[in-house]
Amino acid sequence: MPAGDTKRNLIIVSNRLPLSVKRVDGSFQSSISSGGLVTALSGLTKSTQFRWFGWPGLEVKDNEDRKDVCQSLEEHNASPVFLDSDLAHEHYNGFSNRILWPILHYQSGVTFDDGPWQAYKRVNELFADEICQAAENGTLIWIHDYHLMLLPELLRARLQKQGKSCAIGFSLHTPFPAGDFWRNLPVRKHLIDGLLASDLLGFHTDEYKQNFIDTCASLLGARTEIPNQIQYKNRLVCIDQFIVGIDPLKFTDTLQNPDVKDRIQTLEERYKGVRVIVGVDRLDHIKGLTQKLKGFDAFLDDHPELRNKVVLIQVAVPSREDVKEYQELETELSTLAGKINGKHATPEGTPLLYMHRSVPFTELAALYSIADACLLTSTRDGMNLVSFEYVACQEKRHGVLVLSEFAGAASFMREGSICFHPANKTEMSEALYAALHLDKDERRRKYEYLRDFVHKHTSARWGQTFIEKLNSRACNSTRPCCS
Ligand code: GDG
């Protein structure tokens with residue numbers, strides 16, 4: 001933490017802890033879970049110490065049990081924010097995922113209900129109580145993602161009451177939509193108000209940052225003339241783009257593991273003479289999986305000469321399984337996958353391998369490594385770290401990234417990939433064909449561009465840059481930011 005003269009405590013806050021806590025034989029055990037936020041922040045653990053606060057994912061009522069949970073989390077430097085399961089459900093599924101997530105990702109047809117909104121506010125208050133109690137004077141507090149947009153304001157009020165001076169940073173992991181779309185949300189002003197109590201706000205791309213600045217100006221009349229600053233309610237909020245990434249060495253090291261090498265060899269033999277396309281996505285509307293399967297179907301229609309010579313291996317990781325819309329999406333995808341294989345299968349095999357489950361990390365790395373192309377079709381996506389991971393595993397093959405222009409990653413990776421509109425089946429089919437037929441030199445050129453980007457913009461760099469900036473805000477809170 002070079003900026004500033006004191007080594008400060010760091011608290012990281014997210015709705016869910018990066019751990020799954022389970023009761024096994026009467027006691028509690030925790031294990032690391034997967035997802036974009038976990039990937040981004042686990043890259044930081046190598047270089048920076050912090051304590052992570054969040055909901056442990058299950059209701060724990062009994063005080064002795066709560067102590068046990070705290071103990072099982074302690075080895076991971078994590079602390080729980082306990083919530084009743086009904087409240088957690090209304091906050092997470094009811095408001096965050098049913099109402100807020102679609103708005104942030106430009107999905108229409110969202111209905112607003114007061115019940116889930118009250119739950120959202122209540123959970124943000126409970127987090128504020130817990131974090132305020134844990135923070136000391138000078139602690140840096142870095143809050144993550146859309147589930148906790150009211151937290152900066154609620155927390156600042158509590159900290160001030162207790163005479164604690166702490167810098168508050170907030171990073172959004174989703175897009176921030178254009179102001180006119182954001183206005184659809186009835187509580188549009190409350191959430192922006194909540195965020196503007198931060199000292200530093202981070203977005204994945206310039207576009208999201210600019211959308212947010214424009215919204216603050218038009219919705220709240222905040223002053224935004226000075227670049228990267230918002231003046232509101234006599235406070236100065238610093239706002240910037242921070243490129244989130246991965247730890248590429250974790251992938252390159254894994255590919256050196258003898259078991260993984262064996263697995264790669266087995267897969268390469270299995271797919272000898274077949275071009276492999278890989279896709280890895282959480283099963284979520286924003287990942288454009290329906291569009292992906294339909295686009296792949298069109299590609300197979302367009303190129304009968306590639307029958308038995310190409311396969312799409314799609315990992316669709318179960319996500320938000322208790323939300324009706326996600327259950328319906330899964331049914332739609334299974335049906336579609338069956339239809340595509342029914343239509344294009346031959347006695348030699350099927351062109352689509354649709355896996356509705358999570359795979360171990362080593363298997364993921366092996367799959368990335370054997371694939372000639374990676375197809376990502378997000379209709380909107382904050383960044384998309386799978387695109388980074390694929391590149392990290394392509395040192396030998398120089399496979400091609402076929403990337404939706406609506407993934408945040410496309411803002412940085414366009415030059416090194418083939419971009420397309422995910423709802424345009426013809427464009428997707430042409431992009432796939434081009435990817436599989438790119439000459440060796442062009443593949444190398446594109447790969448080297450992406451490799452340099454992925455190795456430069458690591459998750460550790462992302463985290464350190466944010467923390468340094470937050471720390472400098474804490475040291476000089478009266479000085480204009482980003483100057
Ligand atoms: C959110 C934003 C933003 C996936 N399947 C398996 C598995 N994963 C891991 C991947 C990757 C992560 O999950 C997914 O990251 P993404 O970035 O692609 O997507 P989200 O989860 O939606 O993340 C996103 C991110 O936050 C960070 O800011 O980029 O836009 O939506 O790391 O490898 N890991 C394992 N098995 C699987 O089956 N082990």
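**Exercise 1.** How many Å apart do the C-alpha centres of domain 1 and domain 2 lie?

*Solution.* The model is predicted: local features need pLDDT of at least 70, side-chain atom pairs count only at pLDDT 80 or more, and totals for chains, interfaces and linings use all residues. Residues are numbered from 1 along each chain as its sequence is written. Begin with the division of the protein: domain 1 comprises 3-244 + 460-475, and domain 2 comprises 248-456, with bounds from an automatic or database domain assignment. The two C-alpha centres are 31 Å apart.

**Exercise 2.** Describe the contact between the domains, then the side of domain 1 that touches domain 2.

*Solution.* Domain 1 contributes 18 residues to the contact and domain 2 contributes 13 residues; two residues are in contact if their C-beta atoms, placed from the backbone, lie within 7 Å. On the side of domain 1, α1 (36-42) and α3 (85-104) each give two or more residues. Helices (H or I, at least four residues) and strands (E, at least two) are DSSP runs, numbered from the N terminus. By class, this side has five nonpolar, eleven polar and two charged residues. Ala, Val, Leu, Ile, Met, Phe, Trp, Tyr, Cys and Pro count as nonpolar, Asp, Glu, Lys and Arg as charged, and the others, Gly among them, as polar.

**Exercise 3.** Which residues around the ligand are the closest, and which element gives the largest share of the shell?

*Solution.* Of the 24 residues that surround the ligand, the closest are Gly-36, Thr-39, Gly-382, Met-383 and Leu-385; a residue is near a molecule if its C-beta atom, placed from the backbone, lies within 6 Å of it. The largest share, four residues, comes from α1. Each of domain 1 and domain 2 supplies at least three residues to the shell.
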